[in-house]
Amino acid sequence: MPHLAVNDVRAKYGSLEVLKGITFSIEKGEIAALVGPSGSGKSTVLRALMGLTPITGGAVDIAGETMNYSSAKEVRAARDRMAVVFQQYNLFQNMTVMQNLTLAPLKIKKWDKSEVMSEARRLLGLVGLSDKAEAYSDQLSGGQQQRVALARALALKPQILLLDEVTSALDPELVNEVLDAIRKLADEGMTMVIVSHEMAFVREVADKVVFMDAGQIIEAGTPAELFDTPKTDRARDFFSKILRH
Ligand SMILES: Nc1ncnc2c1ncn2[C@@H]1O[C@H](COP(=O)(O)OP(=O)(O)OP(=O)(O)O)[C@@H](O)[C@H]1O
Ligand SMILES: [Mg+2]
């Protein structure tokens, strides 16, 4: 049974249909990378999974359970299972790193404090920021802040992590430290859906590449299949342009 199965998902902004039947699935511990031109609907897929953009058709199954997003309770059920990190990480600026990581687990989830604190410390170690626990988030570099955002998402213990271009607002020298943190998560077996323009990274970590254009999946397969031997002209054209950089 797939860990995440997206079946013919549709979404609209007003009368504009931006997802026209998106279907893909991944097994536990796998990473799917959504790639495609600007405006093709990649972010909307992640927003729809989180119940941030209403789904107008199709279904999302997590570990065989259908999320139907039809009530606040159902949306919460989906958000209990998934966490998303966007390009704009929006840390709480007047709080320390540790407070950023523990606020929701303590105040919203009401989990045990000593467990929350020790998990937060473990996650800071995972993203390489153990020495920054008491720093205020505005005292950190962009790459460090983005790693805090990753750890903060993980502190909610998602089964599936969604990452939307988490490195694209960063200076080039900071990109690798964030990619390293994602590599470690992959090694830990986290199921992930990532949107990324870092094609070398996608090739390295993704089990499946899903190429989208204009709200549809044009082609999906392994990184080697899509990058080296694309079947469609549209994918060939896109990858020949993007892989030259
Ligand atoms: N809030 C919104 N209201 C109306 N239309 C929107 C909204 N957000 C996105 N769209 C439209 O939905 C389509 C898909 O957008 P989306 O942000 O999912 O694309 P994307 O593939 O993530 O692009 P990019 O690579 O630029 O981030 C685009 O045509 C976009 O203009
Ligand atoms: Mg986007």
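Where is Ala63 found? Ala63 sits in the loop between strand S4 (55-62) and strand S5 (65-67); helices (H or I, at least four residues) and strands (E, at least two) here are DSSP runs, numbered from the N terminus. Before going further, some ground rules: this is a predicted model, where local features need pLDDT of at least 70, side-chain atom pairs count only at pLDDT 80 or more, and totals for chains, interfaces and linings use all residues. Residues are numbered from 1 along each chain as its sequence is written, chains are lettered from A and ligands numbered from 1 in the order in which they are written, and side-chain values use heavy atoms, with hydrogens and water left out.

Phi of Ala63 is near 50°, a positive value in a residue other than glycine. Most residues other than glycine have a negative phi. Ala63 counts as partly exposed because its relative accessibility is 42%; buried means under 20% relative accessible area, exposed over 50%, and partly exposed in between (1.4 Å probe, protein chains only). Further along, Ala214 has a positive phi of about 50° although it isn't a glycine. This alanine lies in the loop between S9 and strand S10 (216-221), and its 42% relative accessibility is why Ala214 counts as partly exposed.

Now for the ligand. Around ligand 1 you'll find Tyr13, Val18, Pro37, Ser38, Gly39, Ser40, Gly41, Lys42, Ser43, Thr44 and Glu165, where a residue is near a molecule or strand if one of its heavy atoms lies within 4 Å of it. Helix H1 (residues 42-49) gives the largest share of this shell, three residues. Sorted by type, the shell has three nonpolar, six polar and two charged residues. In that sorting, Ala, Val, Leu, Ile, Met, Phe, Trp, Tyr, Cys and Pro count as nonpolar, Asp, Glu, Lys and Arg as charged, and the others, Gly among them, as polar.

What holds hands with the ligand's oxygens? An oxygen atom of ligand 1 is 2.7 Å from an N or O atom in the side chain of Lys42. On the backbone side, an oxygen atom of ligand 1 is 2.8 Å from a polar backbone atom of Gly39, and an oxygen atom of ligand 1 is 3.0 Å from a polar backbone atom of Gly41. A search of the whole structure finds four aromatic pairs; rings of Phe, Tyr and Trp (its six-membered ring) pair if their centres lie within 6.5 Å, with planes under 30 degrees apart counting as stacked, over 60 as edge-to-face and the rest as tilted. One of them joins Phe211 and Phe238, a tilted pair at 5.0 Å centre to centre with 35° between the planes. This pair links distant parts of the chain, with Phe211 in strand S9 (residues 208-213) and Phe238 in helix H9 (residues 233-242), 27 residues apart. Phe238 also forms an edge-to-face pair with Phe239, at 5.3 Å centre to centre and 80° between the planes. Phe211 and Phe238 are buried, and Phe239 is buried too. Ring pairs link Phe211, Phe227, Phe238 and Phe239 into a cluster.

Finally, Asp164 lies in strand S7 (residues 160-164) and counts as buried because its relative accessibility is 6%.

Note on methods: Polar contact = N/O pair within 3.5 Å; in protein donor to acceptor, adjacent residues only side chain to side chain.
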